[in-house]
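This report describes one structure in terms of its helix packing, its sheet and its backbone. The sequence and the structure come before the text.

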Amino acid sequence: MNLKTQTGFSMIELLIAIAISSILITLMSGTYYLYSNVSQTQDRVVSVNQKLRSVIYLLERDLLMAGFDSDPTNPAGTGFSSAQNNSMTFTFVENSDGIDNDGDGTTDEVNELETVDYTFSSNTIFREDSQSIDSDSDGTIDPDVLANDIEAVEFYYTLEDGSQSTSVNAGNLDKIRSVTVSVLGRSQFNAKNFNDNTQYTTPSGASFGPFNDSFVRRLLTTTVSCRNIR
Ligand SMILES: [Ca+2]
Ligand SMILES: [Ca+2]
Ligand SMILES: [Ca+2]
């Protein structure tokens, strides 16, 4: 009989097993570390994109209405009243929404104007319309905060002759045919081991960054035709 009974691991086997498992643990934790950094960065990308998309959605909706006049035979004088790099104000007729948009005491009268105002300042995009309220009760209407953590906004206007500008003078406001909107948003929280070394350039050629920090940024640009301006 040549029965060999295995009663346990030899010291060599044990050492090899320990060595292999420690290598595996090191590899796995490294992968996990890498993965958790990547997924944190991805989370930031998703939240910035969501924020930018909701801003762009509202801007598109409003700009499509800019200049709208339900009865062009009786002009209400709608359109842009200001068109600058970081802000714009425009009007349109809103005489069927059950709201006294111009605050004159009569609701939905002929040629009743709604005024919408966009302003970018202090890393925030503000939007004001007739529904904005005096939220801090100081007697002055406060614009609504549309988005925080915004690095830059650019309104780039294309006129009927094809020329483009980030600042349209009063005499040319009725010649605006489209607005190219660019919004550079930043994540609310930073991402571990991420470095934003990108330089962001808007359609007018303005540059932002590289910021060289660990916040995730995205630049979203879209062009909206102002089909109601004429
Ligand atoms: Ca109305
Ligand atoms: Ca009114
Ligand atoms: Ca106020």
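## Helix α1

Arg44, Val48, Lys51, Leu52, Val55, Leu59 and Leu63 are the buried residues of α1, where buried means that 20 or more other C-beta atoms, placed from the backbone, lie within 10 Å of the residue's own. Helices (H or I, at least four residues) and strands (E, at least two) are DSSP runs, numbered from the N terminus. The model is predicted: local features need pLDDT of at least 70, side-chain atom pairs count only at pLDDT 80 or more, and totals for chains, interfaces and linings use all residues. Residues are numbered from 1 along each chain as its sequence is written, and chains are lettered from A and ligands numbered from 1 in the order in which they are written.

The cover over the buried residues of α1 includes β4, β5, β8 and β11; contact here requires C-beta atoms, placed from the backbone, within 7 Å. An α-helix has 3.6 residues a turn, so residues three or four places apart point the same way. From first to last C-alpha, the 55 residues of α1 reach 81 Å, close to the 81 Å expected at 1.5 Å a residue; the expected span is 1.5 Å times one less than the number of residues. Just after α1, Gly67 has a positive phi of about 90°.

## The sheet

An open sheet is formed by five strands in the order β1-β2-β3-β4-β5, with antiparallel pairing; strands pair if DSSP finds at least two bridges between them. β1 (79-83) and β5 (144-147) are the edge strands, each pairing on one side only. On average, neighbouring strands of this sheet are turned by 20° against each other, direction ignored. Axes are lines fitted to C-alpha atoms, for helices over the stretch in contact, and angles run from 0 to 180 degrees between N-to-C directions.

Five bridges join β3 (residues 113-121) and β4 (residues 124-128) in the antiparallel sense. Tyr118 has Arg127 in β4 as its bridge partner. Helix α1 (residues 11-65) packs on this sheet, touching β2 (87-93), β3, β4 and β5, and its direction makes about 120° with that of β5.

## Backbone exceptions

Most residues other than glycine have a negative phi, and most peptide bonds are trans. The peptide bond from Gly209 to Pro210 is cis, with omega near 0°. Pro210 sits in the loop between β10 (207-208) and β11 (217-225). Asn212 lies in the loop between β10 and β11 and has a positive phi near 50°. Asn212 counts as exposed (12 or fewer C-beta neighbours) because it has 9 C-beta neighbours inside 10 Å.

Asn193, in the loop between β8 (176-186) and β9 (200-201), has a positive phi near 55°.

Definitions and conventions. Two residues are in contact if their C-beta atoms, placed from the backbone, lie within 7 Å.
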